[in-house]
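Visitor: I have a model open here. Could we go through its architecture together?
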Amino acid sequence: MHHTIVVTIDIILLAGLVWFFIQNIRLNHALKEKNLKLEAMVMELKAAQVKLMDSGKKGAVAALSAGLLHQISQPITAIHGFVRFMKKEMDVNSPFYKPVCVMDEQSFYIKDMLANLMELIRHRQIQKTQTNINDVICKSINLLVDELRIRRVGWDMQLEDSVPFIFGDALHLQQVFMNLVVNAMEALSEMPHGASRSLLVSSKYDVEHNQAVIIFKDNGPGIAHEHQAKIFDPFFSTKTQGSGIGLALCHDLINEHGGSIGVQSNKEGTVFTVKLPCVRLDKIRQELPV
């Protein structure tokens, strides 16, 4: 009888231990699930925080840029008006007539470019159409030819005719390309007097990924390795007087086109690479008039 009672107690204790062990396992499993959910929530909160910060930065960039452009456009508009008045009142046979005509053209170009930039920074809705990317590149370079010559930069374009159309906004992309060229010119200006300064702009078609690849390659002093990861961040600049706005806007605009922009740099120069998705060739053929 006594033995039976002891065995029964042992069984009860064993059952209690088994139950406790099972409950402990369940509790640990539940705690792990809660921890995983908590970690996921923390990650989501961090991502939301980053998005809010980026949104705030972009808003600040747009506001600052719009203010700067407004301040610049006022004197340019006044200069353009005064030059036009001089041109109207001047004798066409005057030795100063042609220089004034050039001033008129250039001041109008600056005034028009500032207006386009203002429209760009105000986040004008992208108006995508089938666009020949080589035409956009040529227009961008042609607008900066005089500046390239003044800065003694030897430049060349190597554009592949086989690059298909892209679906994009030509004005936005033109501003991106002009910004990259200006960036290259500013980097090349830091080279010693008499040193060779070169810029090569090329395009090619990446058949495998159906992308237009546009490359801006200069032989400037390069960008420090630790700065390359931050080069597209708003307000980050390696220049003493740089605002850090231009490349950040380029990055945003290329992203809005479904593309990407990257940089590689060393002491031998810097290469900016823009990749943009192309319109499918068969789709273009279907839409072309017979």
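Guide: β6 and β7 run antiparallel and are joined by seven bridges; strands are DSSP runs of E of at least two residues and helices runs of H or I of at least four, numbered from the N terminus. This is a predicted model, in which local features need pLDDT of at least 70 and side-chain atom pairs pLDDT 80 or more, while totals for chains, interfaces and linings use all residues. Residues are numbered from 1 along each chain as its sequence is written, and side-chain values use heavy atoms, without hydrogens and water.

Visitor: Which residue is the bridge partner of S260 in β7?

Guide: The partner of S260 is K275.

Visitor: And what is the strand order of the open sheet?

Guide: The order is β2-β4-β5-β7-β6, with mixed pairing; two strands pair if DSSP finds at least two bridges between them. β2 (154-159) and β6 stand at the edges with a single partner strand each, so one side of each has no neighbour in the sheet.

Visitor: Changing topic: which residues of α3 are buried?

Guide: They are I133, N134, V136, I137, S140 and I141, where buried means under 20% relative accessible area and exposed over 50%, with partly exposed in between (1.4 Å probe, protein chains only). They lie on the same side of α3, because they cover an arc of only 160° around the axis, taken from the directions from the helix axis to the C-beta atoms.

Visitor: What is on the other side of α3?

Guide: D135 and N142 are exposed there.

Visitor: Then what does I133 touch?

Guide: Beyond its neighbours within four places in sequence, I133 contacts V163, I166, L173, F177, A212, I214 and L276, contact meaning heavy atoms within 4.5 Å.
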